[in-house]
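The following note sets out some points on domain arrangement, a pocket and a helix contact. Please read it alongside the model.

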Amino acid sequence: MKFIDLGLDQRILDGIDAMGYETATPVQQQVMVPILEGKDIIAAAQTGTGKTAAFLLPLLHRLLTSPHHAGDINALIIVPTRELAIQIAEGLEGLAYFTDVSSIAVYGGGDGNSFAAEKKALTSGADIVVCTPGRMIAHLNMGYVKLKGLKYLVLDEADRMLDMGFSDDIAKIITYLPAERQNLLFSATMPQKMRVLANKILKNPVEINIAISKPPEQIVQKAFVVYDNQKAGIIKDMLGSKRFSKVIVFCSKKQNVKELTAILKSAKLAAEEIHSDLDQKSREQYLQDYRNGKTNILVATDILSRGIDIEDIDLVINYDVPNDGEDYIHRIGRTARAATTGTAFTLVSEKEQSKFALIEELLGAPVLKGTVPAEFGPTPEYNPKQKKSTGFKKRR
Ligand code: AMP
């Protein structure tokens, strides 16, 4: 489907052109028409499917073509993380480049100046506000946010928001909104608690399911069954060979991120760390350095496993086995974006074997096991049925 067939405003088509999009992705094909028709939707769609533009484009069209109040906030997009807020705001800037639609991202972690700038925009009105829940509540508590004329509410990565404990914050924000509005809910997974949230918020929603519970086929996956104390050395060895040009290493704990980054840096590798102990400025700076190629290795917690769209990542390493299959798919999906190829390595320690076996079950096939160079010494057998897993979180 071509975007022009949707009858989008010419200024939006120009933005789409400038972004280099030619045809609509499957999620865009399915959600744009109902959104343009003013319907509520609930869509199961993962990051990487083009879901951001799928709601931004029809929202922009409706803002440009239906009457709206310039002094009000017309659309509110609530997202779980600052990084996702920034990314959506940037995408919006591109798509809305030829329009006069105003927007602002409102997220925590900035300095006093950014709070003041947010306050100014929220007081004088902005067509589209992209926000994280906590920061929006902070502004709402001060009483100046103009939400009475709001027409569109988007909850993006809604499952992630529930997992992060934001359901009360979302409910509170909604008490400030007019009852008559269009609601769009996007979520990678649809656990039962999502249905409960959807029932509270949506009116006769159109249901769309584009969830791919399988990683893209162009990702080559390999697992290395090792002892815990072998992991850091093996990663240093993998990255020292310089076979890969842009790498993300995921760790489940901040402490592991910090320790591994220090090890990689001391081996003179261009690595940087991202986790929630860093201030917002450093996080943005490190991401920017990585995007620009100043560094080529990012060691991160799951903060980066969803929603972040960085091109050309050719290797994802799971230092720890992720907690469940969905998280695994999100993490490895950071590579092989936009139809390129990618590699995903997972280091599986003895106590993580049964957790990894459950991920293999979700994938529907075992992941190929790689051999560690002999210099690292003997490695354990892969025998998940005999090992006890710790910390496995079952999702559904
Ligand atoms: P998302 O799932 O929204 O994170 O989008 C993933 C990536 O796909 C982003 O880099 C978008 O800019 C890009 N994208 C979105 N829609 C299209 C499209 N129709 N054609 C090509 N790329 C797209």
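1. Helices here are DSSP runs of H or I with at least four residues, numbered from the N terminus. The model under review is a predicted one.

2. Helix H4 (82–95), helix H6 (133–140) and helix H7 (158–163) each contribute at least two residues to its lining. The volume of this pocket is about 390 Å³. Its lining comprises 20 residues, and those closest to the pocket centre are Thr81, Arg160, Met164, Asp302 and Ile303.

3. How is the protein chain divided? The assignment gives domain 1 (3–210) and domain 2 (219–386). Taken over C-alpha atoms, the centres of domain 1 and domain 2 lie 31 Å apart. Their contact involves 17 residues from domain 1 and 18 residues from domain 2. The second largest pocket is lined from both sides of this division, with at least three residues drawn from each of domain 1 and domain 2.

4. Two packed helices are described by the distance between their axes and the angle between them.

5. Which residues of H13 and H14 meet? Gly325, Glu326, Tyr328 and Ile329 in H13 are in contact with Phe356, Ile359, Leu362 and Leu363 in H14. By class, the residues of this contact are 6 nonpolar, 1 polar and 1 charged.

How values were computed
Residues numbered from 1 in each chain as written. Predicted model: local features only at pLDDT ≥ 70, side-chain atom pairs only at ≥ 80, totals over all residues. Heavy atoms only, no water. Contact = heavy atoms within 4.5 Å. Nonpolar A, V, L, I, M, F, W, Y, C, P; charged D, E, K, R; others polar. 1 Å grid on protein atoms, 1.4 Å probe; cavity = no way out; pocket = protein on both sides within 12 Å on 5 of 7 lines; lining within 4 Å. Points joined across faces, edges and corners; volume = space filled by probe spheres on them. Domains from an automatic or database assignment.
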